[in-house]
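The sequence and the structure are shown first, and the description follows.

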Amino acid sequence: MGIRLIASDMDGTLLDRHSDVSEANIRAIQALDEYGVEFIICSGRDYGGAKALLESKGIKCGFICLSGAAVYDREGKRLLEIPMARQDVADAEAVLLSRGATMKFMTSGGWYSTSKREAVLDELCRHWNGGIADPGRLPPLLRERVEERMDSITFIRHSSEIPSQVSVYKICADDLAEETVMEIKDEFQAYAELAVASSFPTNIEVTGKNAQKGLALKYYAGRKQIPLEDVMVLGDSDNDLSMFTQDFGWTVAMSNSMPCILEAARYRTLSNEEDGVAWAIRTYVFGETDWGNESENGLGK
């Protein structure tokens, strides 16, 4: 059984705490072409933002975006999209509003947010600059990314303000108490048409039930006629859990993963701060042995 396709999450997996890709990870991904192995991103992020970041690092690949609601090939052709039904959007919004959550809606017409503009700016700065909220302390490249993102957001009070011709793919609520996240997830179990997960312990992400990373990855591998046993997945949080099934041959958890991922994975690698994607590629694909002793650092099968 060989590896022919590698699917990697972004935040907490490929990216470090500054939302950057290390040189070691870049080199390992670029070297995959020599081995005939394809690389694809599986992220909760939208296509435009994910593609721009990867291309700025010289990485050209396919994308499974919005937690599985949209799939793009290496050339940028959209292969699949799974929008939410408007009733499902309304149901999800009602649940989140009952918990006092503000939301962002990721749509075919950009982002819509019920948060205050200042709160969104603060969140973006913290997310892309290692927890530092001050926009004035952002490096130039990150400042440009924040400004571009802010320009793409439409601020609304309620999802009813989103034009009817605009498709909603995903709803996110951030900065919630961890116990609130667990309560919301329990409540969503009553909604059979919705899939709910988290990238972080303090956030909620809602999509249609068929818009999940694992299902989208199966679809993509099927188009490529790649057996699932020849697919490696890399992830860290429970929105990656649909990829960590027995269907895929190589399920690799980052050492910084949530417990649910560590328990489900067949293999482990280093953390996102230690070039864990590169370690997994060079160890499991290239067969290199000079990236540390697995028995000593607790990695491996």
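In this predicted model, Asp175 is placed in the loop that connects strand 9 with helix 6 (178-188). Although Asp175 is not a glycine, its phi is positive, at about 55 degrees. Just after helix 9, Gly287 takes a positive phi of about 70 degrees.

Six strands form an open sheet in the order 8-7-6-9-11-10, and their pairing is mixed. Strand 8 (153-155) and strand 10 (194-197) are at the edges; each has a single partner strand, so one side of each is without a neighbour in the sheet. From one strand to the next, the twist averages 20 degrees.

Within this sheet, four bridges join strand 6 (residues 104-107) and strand 9 (residues 168-173) in the antiparallel sense. Lys104 has Cys172 of strand 9 as its bridge partner. Helix 3 (residues 86-98) lies across strand 6, strand 9, strand 10 and strand 11 (204-208), and it runs at about 5 degrees to strand 9.

Strand 2 (residues 38-42) and strand 3 run parallel and are joined by three bridges. Cys42 stands opposite Ile64 in strand 3. From strand 3, Gly62 and Ile64 point one way while Phe63 and Cys65 point the other way, and all are buried.

Ala70 belongs to strand 4. Its relative accessibility is 3%, so Ala70 counts as buried. Leaving aside neighbours within four places in sequence, Ala70 is in contact with Phe63, Ile64, Cys65, Leu80 and Glu81. Ala70 and Leu80 are ten residues apart along the chain, and their C-alpha atoms are separated by 5.5 Å.

**Aromatic pairs**

The whole structure contains eight aromatic pairs. Two of the pairs involve Tyr47 and are set out below.

| Pair | Distance between ring centres | Angle between planes | Arrangement |
|---|---|---|---|
| Tyr47 and Phe63 | 5.6 Å | 85 degrees | edge-to-face |
| Tyr47 and Tyr72 | 3.7 Å | 10 degrees | stacked |

Tyr47 lies in helix 2 (residues 47-56) and Phe63 in strand 3 (residues 62-65), so this pair ties together parts that are 16 residues apart in sequence. Both Tyr47 and Phe63 are buried. The pair of Tyr47 in helix 2 and Tyr72 in strand 4 (residues 70-72) links distant parts of the chain, 25 residues apart. Tyr47 and Tyr72 are both buried. Elsewhere, one aromatic cluster is formed by Trp250, Tyr267, Trp279 and Tyr284.

How many residues of helix 9 are buried? Ten of the ten are buried, so helix 9 is largely enclosed by the rest of the structure. The buried residues of helix 9 include Trp279, Ile281, Arg282 and Tyr284.

The largest nonpolar core has 52 residues, of which Ile6, Leu14, Phe63, Met232, Ile281, Tyr284 and Val285 touch the most other members. Helix 9 gives the most to this core, with seven residues. The core draws at least three residues from each of domain 1 (3-80 + 210-284) and domain 2 (84-206). Apart from this core lies another, of 22 residues, among them Met103, Tyr112, Ile171 and Ile204.

Val285 is in contact with Ile3, Ile6, Leu32, Val37, Met232 and Ala280, leaving aside its neighbours within four places in sequence.

Phe63 pairs edge-to-face with Tyr47, is in contact with Ala70, and is among the residues that touch the most other members of the largest nonpolar core. Tyr284 belongs to the aromatic cluster with Trp250, Tyr267 and Trp279, is buried in helix 9, and is likewise among the residues of the largest nonpolar core that touch the most other members.

Note on methods. Residues are numbered from 1 along each chain as its sequence is written. This is a predicted model: local features need pLDDT of at least 70, side-chain atom pairs count only at pLDDT 80 or more; totals for chains, interfaces and linings use all residues. Side-chain values use heavy atoms; hydrogens and water are left out. Two strands pair if DSSP finds at least two bridges between them. Helices (H or I, at least four residues) and strands (E, at least two) are DSSP runs, numbered from the N terminus. Axes are lines fitted to C-alpha atoms, for helices over the stretch in contact, and angles run from 0 to 180 degrees between N-to-C directions. Contact means heavy atoms within 4.5 Å. A nonpolar core is a set of buried Ala, Val, Leu, Ile, Met, Phe, Trp, Tyr and Cys residues joined through side-chain atoms within 4.5 Å. Buried means under 20% relative accessible area, exposed over 50%, partly exposed in between (1.4 Å probe, protein chains only). Domain bounds come from an automatic or database domain assignment. Rings of Phe, Tyr and Trp (its six-membered ring) pair if their centres lie within 6.5 Å; planes under 30 degrees apart count as stacked, over 60 as edge-to-face and the rest as tilted.
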